[in-house]
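This report describes helix packing and side-chain contacts in one model. The sequence and the structure come first, and the description follows.

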Amino acid sequence: MEYTREELLEAKRQIDSTLHKTEKVIETFEARENPRRYRSQITLARRRAEAFAIAVRLIERELAEKE
């Protein structure tokens with residue numbers, strides 16, 4: 001499926017925003033008094049952050065090919 005440059009830029013903007021929020025969630029959990037208690041939430045958030053980072057890199061690659 002082909003996406004327009006505008007669609008890719010908007011998708012990247014949305015994913016960047018969600019990635020930023022996810023990174024803040026990780027920081028919040030790690031700063032709590034007993035972060036081990038939140039280990040599963042931290043692991044899930046880290047995995048999501050990595051998935052979002054991959055998505056951003058793929059979108060950037062697609063955008064570079066369109067130039």
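To what count do the aromatic pairs come by the ring rule? The model is predicted, so local features need pLDDT of at least 70 and side-chain atom pairs count only at pLDDT 80 or more, while totals for chains, interfaces and linings use all residues. Residues are numbered from 1 along each chain as its sequence is written, and side-chain values use heavy atoms, with hydrogens and water left out. The count comes to one aromatic pair, where rings of Phe, Tyr and Trp (its six-membered ring) pair if their centres lie within 6.5 Å.

Helices are DSSP runs (H or I, at least four residues), numbered from the N terminus. The axes of α1 (residues 5-31) and α2 (residues 39-66), lines fitted to C-alpha atoms over the stretch in contact, come within 9 Å and cross at roughly 155 degrees. The two helices are therefore roughly antiparallel, a term for angles over 145 degrees on a scale from 0 to 180 between N-to-C directions.

The model holds eight salt bridges, each a side-chain nitrogen of Lys or Arg within 4 Å of a carboxyl oxygen of Asp or Glu. Two contacts of charged side chains are listed here.

| Contact | Distance |
|---|---|
| Glu67 and Arg5, salt bridge | 4.0 Å, N to O |
| Arg32 charged end over the Tyr38 ring | 4.9 Å from the ring centre |

Glu67 lies in the segment after α2 and Arg5 in α1, so this pair ties together parts 62 residues apart in sequence.

How values were computed. Parallel < 35°, antiparallel > 145°, perpendicular 65-115°, else oblique. Phe/Tyr/Trp six-rings, centres within 6.5 Å; stacked < 30°, edge-to-face > 60°. Lys NZ or Arg CZ within 6 Å of the ring centre and 35° of its normal.
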